[in-house]
Amino acid sequence: MTTAFDPIELSGTELANRIAMAPMTRSRAYGEGLTVTESTVEYYSQRASAGLIVTEGIQPSVQGQGYPNTPGLHSDEQVAAWRKVTDAVHAKGAKIFAQIMHAGRIGHPVLWPDEERLSVAPSSVAADGQLYTHEGPKDFLAPRELTADEIPAIIEEFAEAARNAVAAGFDGVELHGANGYLIHQFIADNTNLRTDEWGGSVENRIRFAVEVTKAVAAAIGPERTGLRLSPGNSYNDIAETDPKATYPALVKALEPLGLGYLHIVEMIPGYRDITLELRELFSGTLILNPATEGPTDHKALGLVEEGVADIVAFGALFLANPDLPTRLRTEGPYNTPDTASFFGGDDKGYTDYPTLSGS
């Protein structure tokens, strides 16, 4: 019987186990030009007992930034800073993928050097709610609708960021197609009101996700390319009328590419049936982040034994337990995540969580 502690081949290399660190925004890119720091190097290297680490969301362009102090992969300085992280993780035997995340309408002009700019999205539909910024909470603004002529350049931003990720030493990239960011905004019918080839029908609404994935796979190789999806997820004011039709169509369109993996986030209780259907449609490695569907501690490892997933990803539990694979094997005890230090701040709640050995 296969267990989560068995190795698995991914992207042509062997992972030490089937336990992944899920991507988590930490808002600590305090270096000049939104570069990561030595604290980030320490943070990821502490967690290198994971078979696979997927980084926090990294913006592919200035306008792709959605939150304060999130890192980029669009400058030479950012590439050089990330190289220190990948070197440290590789030195401890883990593999690390960069998550590329364009926030789309989730963001605010105060984050960017040119405050006259608006965020961009498939349609000019503002998200309900507010964004925390260094100037305090800001209402989300209606984004500027991308023209059909502009969309290829946005797709190329993802491809160029993927090339930069490989230059920085990453083993691959994960495209963030979940949680209400730009790729998800094209997929969802409440944020994509277009009537051209990029909107309307299921086939047209998934087109952006498919074209971005194709471009990245062509740039760095399909085996180095993963995609994260969250069917039915309402985060960031997303509403999907029929995810049970949309996501199988998307995975069918992606299947011929031979991607490295598909990463499913179960944000909505009762959506395991979609996960199982996508599992059947996708022949590559399936990573599952069972965020609300069942247990999220050592009990979740049974998903590998049952064949539901090839790899199980852990978020907040990995944030608070740098030696999580060891703790999963012993079935705890687990440190409790400090939610107050999730986003921004110093090394408290970042690199100071103790391991079982006390270090």
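**View 1. Lining of the second largest cavity.** Ala, Val, Leu, Ile, Met, Phe, Trp, Tyr, Cys and Pro count as nonpolar, Asp, Glu, Lys and Arg as charged, and the others, Gly among them, as polar. By these classes, the lining of the second largest cavity divides into six nonpolar, three polar and no charged residues. These lining residues are G107, H108, P109, W112, L118, S119, L141, A142 and P143, and the volume of this cavity is about 40 Å³. On a 1 Å grid over the protein atoms alone, a cavity is a set of points where a 1.4 Å probe fits but cannot get out, whereas a pocket is an open set with protein on both sides within 12 Å along at least five of seven lines, and lining residues have an atom within 4 Å of a point. Grid points are joined across faces, edges and corners, and a volume is the space filled by probe spheres set on the points.

This is a predicted model, in which local features need pLDDT of at least 70 and side-chain atom pairs count only at pLDDT 80 or more, while totals for chains, interfaces and linings use all residues. Residues are numbered from 1 along each chain as its sequence is written, and side-chain values use heavy atoms, with hydrogens and water left out.

**View 2. Lining of the largest cavity.** The largest cavity holds about 50 Å³ of space, and its lining has three nonpolar, seven polar and no charged residues. Among the lining residues are T25, Q59, Y67 and M101.

**View 3. The largest pocket.** The volume of the largest pocket is about 1,000 Å³, and 43 residues line this pocket, with P23, M24, T25, Y235 and F343 lying nearest its centre. By class, the lining has 23 nonpolar, 16 polar and four charged residues.

**View 4. The salt bridge between R228 and E174.** A salt bridge is a side-chain nitrogen of Lys or Arg within 4 Å of a carboxyl oxygen of Asp or Glu, and R228 forms one with E174, their closest N and O atoms being 4.0 Å apart. Because R228 lies in strand β11 (residues 225-229) and E174 in strand β10 (residues 172-176), the pair ties together parts that are 54 residues apart in sequence; strands (E, at least two residues) are DSSP runs, numbered from the N terminus. R228 is buried, at 4% relative accessible area, and E174 is buried too, at 0%, where buried means under 20%, exposed over 50% and partly exposed in between (1.4 Å probe, protein chains only).

Note on methods. Helix = DSSP H or I, 4+ residues; strand = E, 2+ residues; numbered from the N terminus.
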